[in-house]
Amino acid sequence: MMRVIPDTSFFICFLDDIKKPELLIRIFNSNKFALVVGKIVHEELKRSENYLKIESILNKSEFYDYTQFGEIIRPFMSLEEISKGEHEVIAIAYILNFLGYEIIFILDDNDARNFVLRSLKKISNRMIGTIGFVCRCCCHHKIFNKEEARLILIMIKNSNFRVKKEILERAIGEIEGC
Amino acid sequence: MKQKEMDRLEIVEKYIILLLGIVDKPVPSILHLEKEMFILSRANPTVAKFVSFIKHYKGPYSDVLKELIDSPLYHKDAYKVVNDRIMLTSKGKEIFEKIVKNYEKDKRFRQLLGTLKMIRELYDRLSDEELLLLIYITYPDFREKSNVSDKLLAPEKREEIARKLLKKGLITEKRYREIVEYDAGNT
């Protein structure tokens, strides 16, 4: 089963921005993905008032807490990026990819994405954003039908989630065409 | 030397061999090897039990590591230093393969190999100055006793190094700004 390693913003998008935690539960109870959550991302999520609504899926996720993989990338990233756990997501993705697992990791921060593209090219083709992941859930894994996926993207567009309009429009087009 | 200490040295020597063997090219300098092992010890608490680092004139330093780099105890010809670059010998490569084969079924060992590979992939690309600057800014405690940190942390020098790191794609834009705006006196 494909392992998914999301960043904090992915969870917050569903939990607090569009307030649809049930969609996360649907994604990770679909048996299409195994959720992997690092220590820092998990701690960040506890700050959300809707955390308890997804606690069950987080408790089922794989943890890698005996080794602080993120420490390897910490010197290369800002304190803000570190507090959100971006470095941890990248490091876990690298290790799981090295171990030969089928993985995908979700990163939305442009700076962090550029770091992967330039410094850890080997895993860059396993990187996706929240919007791309919604498309994937619809087009590849059929977790959402086209109408549901389109509505999710529209909710995201009207929320506080930061994403370029062009990316959303492209995603809506992709869903219609898949 | 007591048996327990001997065992510890043997394990540290194996960590050195694994770090050198995980990528088929030399570690750029002894400074790199020391700092890469330091990062490994920060990432992996098991490693930290065997190698500890003290504040020194060029950042984190380990006596044990230095001694084993200069003269390996258990695998005498496993690695060599040529023009400050450190590499496995053909005998060392055989030892590396043997260690990997012995532990390949152990998940934590394979995770350790992945950790070592990521460290080499990122840190080998740094110059000595870039390496030390990132260490001093990330772990400011290790500036104490340093005789180079003031020079590297001077605003113009810091900006120059940060710019190079950004150009190489090794730090994020936000990290670049953080380094440039870093208050070296406030740590």
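**Close-up views of a predicted two-chain model**

**View 1. The two domains of chain B.** In this predicted model, the domain assignment of chain B gives domain 1, covering 1–124, and domain 2, covering 127–187. The centres of the two domains of chain B, taken over C-alpha atoms, are separated by 25 Å. Where domain 1 of chain B meets domain 2 of chain B, 11 residues of domain 1 are in contact with 12 residues of domain 2. On the domain 1 side, helix α2 of chain B (residues 30–43) contributes the largest share, three residues. By class, the side of domain 1 of chain B that touches domain 2 of chain B consists of four nonpolar, four polar and three charged residues.

**View 2. Helices α7 and α9 of chain B.** Helix α7 of chain B (residues 128–138) packs against helix α9 of chain B (residues 155–167) at an angle of about 105°, and their axes are 10 Å apart. Angles of 65 to 115 degrees count as roughly perpendicular, and α7(B) and α9(B) are therefore roughly perpendicular to each other. From α7(B), the contact is made by B:E129, B:E130 and B:L133. The residues on the α9(B) side are B:R158, B:I161, B:K164 and B:L165. Three residues of this contact between α7(B) and α9(B) are nonpolar, none is polar and four are charged.

**View 3. Helices α2 and α4 of chain A.** The axes of helix α2 of chain A (residues 21–28) and helix α4 of chain A (residues 51–60) come within 9 Å and cross at roughly 10°. Angles under 35 degrees count as roughly parallel, and α2(A) and α4(A) are therefore roughly parallel to each other. On the α2(A) side the contact is formed by A:P21, A:L24, A:I25 and A:F28. Facing them in the contact are A:K53, A:I54 and A:I57 of α4(A). The residues of the contact of α2(A) with α4(A) comprise six nonpolar, no polar and one charged.

**View 4. The contact between chains A and B.** Chain A supplies 26 residues to the contact and chain B supplies 25 residues. On the side of chain A that touches chain B, at least two residues come from each of α5 (79–84), α6 (86–98) and α7 (110–119) of chain A. Helix α7(A) gives the most to this side of chain A, with six residues. The side of chain A that touches chain B divides by class into 15 nonpolar, five polar and six charged residues.

Terms used
Residues numbered from 1 in each chain as written. Chains lettered and ligands numbered in written order. Predicted model: local features only at pLDDT ≥ 70, side-chain atom pairs only at ≥ 80, totals over all residues. Axes fitted to C-alpha atoms, helices over the stretch in contact; angles between N-to-C directions. Helix = DSSP H or I, 4+ residues; strand = E, 2+ residues; numbered from the N terminus. Parallel < 35°, antiparallel > 145°, perpendicular 65-115°, else oblique. Contact = placed C-beta atoms within 7 Å. Nonpolar A, V, L, I, M, F, W, Y, C, P; charged D, E, K, R; others polar. Domains from an automatic or database assignment.
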